[in-house]
Structures are given as C-alpha cells and as structure tokens.
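This report describes a structure shown below, with attention to model confidence, the fold of one chain and the contact between chains.

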Amino acid sequence: MMLPIQHGETGMWAATGMISAVVLLSTAGEVLTAAAMQRIGDLDKIRAHSGMKGAIKAVVTCPLFFAGVAFLALAFFSLLFALNHLDLSLVAPAAASLTLVTNAVAGKIFLKENVDRRRWAAAVFVCVGVYLLAH
Amino acid sequence: MPQHRLSPHQWLILTVVAICAPLGDTCLSRGMTGVPAISLQHPGSLFAAVFTPWVAAGIALLIGFFASYLTALSWADLTFVLPATAFGNVIVALLAKFWLHNTISLERWSGIVLITVGVGFVAHGPARTERAWDVAGAELAAPSEEERAR
C-alpha cells in the first residue's frame, strides 16, 4: 500500500483511505470479538463458576476471539498511522461516528442482532452527537 | 422480546468501558502528535512509538477498556454496548468544562444532548435481544401443541 501523503498536507483521498481503513478494520474486529463473546457465554457466570483462570481460559481458547483481536490490532496501528498524518479533530469524530453506523449494519447482518427502530435511532443520534462533540 | 435488565455491577462495567476508551484515545493522540512523521516505508517507527510515555499510558487505559468491553459483550449485544458506552465522550467533555474550565461551544452542547438522547434510547431497551437461532432453539425445547394435548 502506497499513499501519496506528506505530513501536514494530506490529500482528501489519502485521508478518506486512512479513515476508511480504521472504520472497516474496527468493524471487522468488533463483530468477530462480539461473535466470540456470544459463543463463550456470560463471563461473570463463568468466573463465578470456574474462577478467573476459567474465564481467561474460555476466552483464549476461542479462535474467533483471536481473529477479532488481529483485526482490532490492525485497526489500532491504522489509527496510530492516521493520527500521525491527520488532526485528531478529524480522525476521532469521523472514525468513532462512522464505526457506530457500520457496526449497527454489521451487527444486524452478521450477528443477526435484532436492531429495532430504537437502536437505529440511538446509532444515528450518537453518530451525529459524537461528530458534533469532537469536531 | 425478553427484557434483559442490567445489574449495578454490569452498569459499572459499562462505565469503565465508557471512561477508559476516550481517555486512552486522548493519551494516544497526545503521544502520536509528539513523534516525527511516520512513513509507510519505515513501519518499525510505529512500533517504537508504542514505548513513548503517553502512548504507553494510552495503551494501559485501552487494555482496561478491552477487558471490560469483552465482559460487556458476553452479556449484551454489540448494538447495545457501543451506543451505551459513547456516553464516555460526554463525561470527558463535562470534565473539560468543569475541571479544566474549557469553553464548550453550542455545537458541542448539541453533541452532548444528542449522545445523551441516543444512550437513553438503548438504555431503556433490552441489553440482549433474541436471535433467529435462539427462537428456533426455544421452539425445539418447548413442547408442541400436540405434545401438550397428549
């Protein structure tokens, strides 16, 4: 991947690419991690039954969890890269608010969550709110 | 739809998620703006940045966030946890106003109101909703009308 970017004067397409990478990698990581935790079950109950070691073992023996962590790690380094080239006032609101919407869509499609009108409304309100707050 | 209400302990975990994420991001931003520009030709310098104090503090906060976030996802939907924990942005803005005496513009107050309303929407609903396979599983487990009649 080669982006035509220079510190302090990042182009629009490069900025869009960097923010899109953060959003897509975060969404993939969060959906995979959520799927892993749903498969594992309530961690509080596991910890009450098998102790902290049992809870940690339940998490680290789930392959989906590591797939999620791998995507979240990629999202983290893409965020560091974006923060190094773009202003926080652009990266933080754009990535945080877009990720809320992409996660709502991904949660409905991949996790089969029942995203009713209340949750869609919450996603949109919080998305616009985070943008206004951090912009 | 079942009403999966949260216990005070579970609300505490959501609060830790909400506070640690924005504080961690702020530390990362503070650290990354202090290091020289990093190019894709030298990715090793990204790893070196991890060991600078602000980035390290940000990572410590994000580890706390991640442990709480995983716990929350084990008993709540992703589409519940993400909007609910966005309230952390409001907490950070209010701390900036009343602790650091920063000025909050009308635009930011609008953002605070919108996030609070959004969090109110999800917080009044169930933390975990039924999936297609949950319903199928319950139907398989429940006796049919014919079985009940026998």
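## Confidence of the model

Within chain B, helix α3 (residues 53-75) has the highest confidence, at 90, whereas helix α7 (residues 132-141) has the lowest, at a mean of 46. Helices (H or I, at least four residues) and strands (E, at least two) are DSSP runs, numbered from the N terminus. Over residues 135-150 of chain B, pLDDT stays under 50, and the model has two contacts beyond four places in sequence for them; two residues are in contact if their C-beta atoms, placed from the backbone, lie within 7 Å.

The ipTM of the model is 0.77 and the pTM is 0.72. This is a predicted model, in which local features need pLDDT of at least 70 and side-chain atom pairs count only at pLDDT 80 or more, while totals for chains, interfaces and linings use all residues. Residues are numbered from 1 along each chain as its sequence is written, and chains are lettered from A in the order in which they are written.

## Fold of chain A

Chain A comprises five helices and zero strands. Its C-alpha trace spans about 55 × 35 × 25 Å along the principal axes. Of the contacts in chain A with a separation of 6 or more, 72% involve residues 24 or more positions apart.

## Contact between the chains

Chain A contributes 44 residues to the contact and chain B contributes 40. On the side of chain A that touches chain B, α5(A) gives the most, with 13 residues.

How values were computed
pLDDT = per-residue confidence, 0-100.
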